[in-house]
Amino acid sequence: MCAQKTQDLEAKLSPPQSLGSFEMGRNDVDVVCTYGKIAVWFGRKVPDYIIAQVLIGISKVDPSAVHEFEMICDFDEITEYESKGYILVSYGKTSGGYRVNYSIPFSNKKALFHLSKFVLEELQKGDVRKDFYWNGNDCDIQRLYHEFRNNIESWELKAINYKTESQTSR
């Protein structure tokens, strides 16, 4: 049984039904959680402190969560990203430089800070979608919802899909 159950969620999260997906957020942020992934949409006008609260909230619930991304850069830039807390996964020579894969660990506050700066830069061009990988289960999803609801203004439950259902419950 999960700690911190509230009456409104108790009926929706009670076993034996397992969650397929859990959607939550506010008008400028949308978070969809499944067992392997947290998909986040940041709207163009989301405040910087909300981005930080989302990233920090995820790190509190599951510090083993990661964000993976690929980029092409000069060889000298590879260590620059490592100094920001990013973990080099692989790299190889390609046209235009080096194709580099990094993992950003949510256990590293420095890396999260640079990830939030990167999201802010991307928001200059439009909405941003990021996938974060974690080992979350029903209890972790509920803990994440509580973390956000307690720390982010206007946070709400949007939709729940159960593995045993084909339609969304509200």
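This passage describes the overall make-up of a predicted model, and then the packing of helix α2 against helices α4 and α5.

The chain has 170 residues, of which 44% count as buried. Its secondary structure comprises five helices and eight strands. Read from the N terminus, these elements follow the order α-β-β-β-α-β-α-β-β-α-β-α-β. Among contacts between residues at least 6 apart in sequence, 66% join residues that lie at least 24 apart. The accessible surface of the chain amounts to about 9,200 Å², and carbon and sulfur atoms account for 48% of this area.

Helix α2 spans residues 48-61, and helix α4 spans residues 109-123. The axes of these two helices come within 10 Å and cross at roughly 140°. An angle over 145 degrees would count as roughly antiparallel, whereas 65 to 115 degrees would count as roughly perpendicular; α2 and α4 are therefore oblique to each other. The crossing of α2 past α4 is right-handed. On the α2 side, the contact involves D48, I51, L55 and S59. These residues meet K109, L112, L115, S116, V119, L120 and L123 of α4. By class, the residues of the contact of α2 with α4 comprise seven nonpolar, two polar and two charged.

One of the α4 residues in this contact, L115, was examined individually. L115 has a relative accessibility of 0% and therefore counts as buried, the cut-off for this class being under 20%. When neighbours within four places in sequence are set aside, L115 is in contact with L55, H67, Y86, I104, F106 and F132. Of these partners, L55 belongs to the α2 side of the contact between α2 and α4. I104 is eleven residues from L115 along the chain, and the C-alpha atoms of the two residues are separated by 7.8 Å.

Helix α2 also packs against helix α5, which covers residues 138-151. Here the axes come within 9 Å and cross at roughly 140°. The helices α2 and α5 are therefore likewise oblique to each other, and α2 passes α5 in a right-handed crossing. Helix α2 contributes Q53, V54, G57, I58, K60 and V61 to the contact, while α5 contributes D140, R143, L144, E147, F148 and N151. The residues of the contact of α2 with α5 divide into five nonpolar, three polar and four charged.

Methods: Residues are numbered from 1 along each chain as its sequence is written. This is a predicted model: local features need pLDDT of at least 70, side-chain atom pairs count only at pLDDT 80 or more; totals for chains, interfaces and linings use all residues. Side-chain values use heavy atoms; hydrogens and water are left out. Axes are lines fitted to C-alpha atoms, for helices over the stretch in contact, and angles run from 0 to 180 degrees between N-to-C directions. Helices (H or I, at least four residues) and strands (E, at least two) are DSSP runs, numbered from the N terminus. Angles under 35 degrees count as roughly parallel, over 145 as roughly antiparallel, 65 to 115 as roughly perpendicular and the rest as oblique. A crossing is left-handed if the near helix is turned anticlockwise from the far one by less than a right angle, and right-handed if clockwise. Contact means heavy atoms within 4.5 Å. Ala, Val, Leu, Ile, Met, Phe, Trp, Tyr, Cys and Pro count as nonpolar, Asp, Glu, Lys and Arg as charged, and the others, Gly among them, as polar. Buried means under 20% relative accessible area, exposed over 50%, partly exposed in between (1.4 Å probe, protein chains only). Accessible areas come from the Shrake-Rupley method with a 1.4 Å probe; for residues, only the protein chains shown count as cover.
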